[in-house]
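Subject: Structure for your files

Hello,

Here is the structure I said I would pass on. My notes follow it.

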Amino acid sequence: MAEFTLKVNGTKYKVEAAADTPLLWILRDHLGLTGAKYGCGIGQCGTCTVHIDGEAMRSCALPVSAIGKAPVITIEGLATKQGEHPVQEAWHEVDVPQCGYCQTGQIMSAAALLKKNPTPSDADINSAMAGNICRCGTYNRIREAIHVAAKKIKS
Ligand code: FES
Ligand code: FES
């Protein structure tokens, strides 16, 4: 066991854990942030996606010891005092989710994409979102919502 200090959603936390504990378990079990979900556990489905230093990363495949001082943002920290993130607003408007299980990861990947590329084409979206699997097949609505969010961010 070792002690780690993590900055998650703007708050510093001290956690005691084995160095190889996946960040996902720290978030869910130690900090009670259960928005990021466990899917495959091997970095393949995207349901555990969070932002590490602004990049969409798979928290199931990241040992807590690898995070260091990099700020972590989870779905719980995506909204600001001004309100929901434009991606979250677009998700409501388009009514994207079906069962909902994958959607945290989808939203976090979409938000990271729009930060880098505020006007993505369908091909850009397909490529950036390819690692986020949806067993319900909501891909068309996800694409539509990302375009809606892009317009919101632009205006
Ligand atoms: S649970 Fe992390 S990528 Fe599937
Ligand atoms: S909405 Fe059900 S897995 Fe994506």
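Which residues touch the most other members of the largest nonpolar core? In this predicted model, they are Leu-6, Leu-23, Ile-26, Leu-27, Ile-52 and Val-72, out of 21 residues in that core. A nonpolar core here is a set of buried Ala, Val, Leu, Ile, Met, Phe, Trp, Tyr and Cys residues joined through side-chain atoms within 4.5 Å; buried means under 20% relative accessible area with a 1.4 Å probe, protein chains only. At least two residues each come from β1 (2-8), β2 (11-17), α1 (23-30) and β3 (49-52), with α1 giving the most, four. Helices (H or I, at least four residues) and strands (E, at least two) are DSSP runs numbered from the N terminus.

In α1, Leu-23, Leu-24, Ile-26 and Leu-27 are buried. The buried residues of α1 pack against β1, β2, β3 and β5 (72-73), contact being heavy atoms within 4.5 Å. Gly-32, with a positive phi near 70°, follows α1.

Elsewhere, α2 (residues 86-94) packs on α5 (residues 139-154) at an angle of about 130°, their axes 8 Å apart. Axes are lines fitted to C-alpha atoms over the stretch in contact, and angles run from 0 to 180 degrees between N-to-C directions. Among the residues that meet are Trp-91 in α2 and Ile-146 in α5.

On conventions: residues are numbered from 1 along each chain as its sequence is written, and chains are lettered from A and ligands numbered from 1 in the order written. Local features need pLDDT of at least 70 and side-chain atom pairs pLDDT 80 or more, while totals for chains, interfaces and linings use all residues; side-chain values use heavy atoms, without hydrogens and water.

Regards

Key
Buried means under 20% relative accessible area, exposed over 50%, partly exposed in between (1.4 Å probe, protein chains only).
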